[in-house]
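Hi,

Here is the structure I said I would pass on.

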Amino acid sequence: MPAERPSTEASVAISIEPPRQPEVERLLEGSTEYSRSLYPPEACFLLDVAQLERPEVRLYVARDALGAAVGIAALVDETPGDAAGRRGELKRMFVDPAGRGLGVAGALLTRIEADAASRGLGEIVLETGPRHLPALALYEKHGYRRIEQFGQYIGEEFSVCMAKELTPA
């Protein structure tokens, strides 16, 4: 994947990076542990490192002023190409506990939404859980609305699905 210019917001630099690096893998492990502390393993729909390396996935990494990875989020382009009604799914949003409350998650969302809109995506969808109260509040604050369960989440007791329409760039 070509290098892209980092964007800066909330005192973090955000760029698209490969998942196979120790700091990112540490955040992925933290995300898995947190999700499994709230839900049974079969209710945790987490992409692994190999899935994050697929061409239709972009992994965004937020780094603090010292260059330490403090947050991650992935965007999966569900409708590659020039298809009308393209959308992406937000996956693996996680901020290191030491970085919470500093605007890292909001900065990640802002960057991802801008990139998605510039690439022609019209909507971002996501799945979180009913016990993920800070995540639900974050998404609602950023304009996401609850929608019916979709795809692999249909019928899942612990799945709350949300979406946000994007303004074309």
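The chain has an accessible surface of about 8500 Å², and 54% of that belongs to carbon and sulfur atoms; the areas come from the Shrake-Rupley method with a 1.4 Å probe, and for residues only the protein chains shown count as cover. Bear in mind that this is a predicted model: local features need pLDDT of at least 70, side-chain atom pairs count only at pLDDT 80 or more, and totals for chains, interfaces and linings use all residues. Residues are numbered from 1 along each chain as its sequence is written, and side-chain values use heavy atoms, with hydrogens and water left out.

Of the 169 residues, 50% count as buried (under 20% relative accessible area; exposed is over 50%, partly exposed in between, with a 1.4 Å probe and protein chains only). Among contacts with a separation of 6 or more, 62% come from residues 24 or more positions apart, where contact means heavy atoms within 4.5 Å.

On to the fold. There are 4 helices and 8 strands, and along the sequence they follow the pattern β-β-α-α-β-β-β-α-β-α-β-β. These are DSSP runs numbered from the N terminus: H or I of at least four residues for helices, E of at least two for strands. Strands pair if DSSP finds at least two bridges between them.

Strand 4 (residues 69-77) is mostly covered, with 9 of its 9 residues buried. Strand 3 (residues 57-63) runs antiparallel to strand 4, joined by 7 bridges. The two form a hairpin with 5 residues between them, and Gly 67 in the turn has a positive phi of about 90°. Strand 4 also pairs with strand 5 in the antiparallel sense, over 6 bridges, and there Asp 77 stands opposite Gly 88.

Which residue of strand 4 stands opposite Val 61? That is Ile 72, and the two are 11 residues apart in sequence but 4.6 Å apart in space, C-alpha to C-alpha. Ile 72 is buried, with a relative accessible area of 0%. Leaving aside neighbours within four places in sequence, Ile 72 is in contact with residues including Val 24, Leu 27, Leu 28, Arg 92, Met 93, Phe 94 and Leu 108.

Strand 8 (residues 160-165) has 5 of its 6 residues buried, so it is largely enclosed by the rest of the structure. Strand 6 (residues 123-128) runs antiparallel to strand 8, with 6 bridges, and Glu 123 has Glu 165 as its bridge partner. Strand 7 (residues 145-147) is also antiparallel to strand 8, through 3 bridges, with Arg 145 opposite Ala 163.

Last, the largest pocket, which holds about 770 Å³ of space. Of the 36 residues lining it, Met 93, Phe 94, His 132, Ala 135 and Tyr 139 are the closest to its centre. Helix 1 (22-38), strand 5 (87-95), helix 3 (104-118), strand 6 and helix 4 (133-141) each give two or more residues to the lining, and strand 5 gives the most, with 7.

Points are joined across faces, edges and corners, and the volume is the space filled by probe spheres set on them.

Cheers

Note on methods
1 Å grid on protein atoms, 1.4 Å probe; cavity = no way out; pocket = protein on both sides within 12 Å on 5 of 7 lines; lining within 4 Å.
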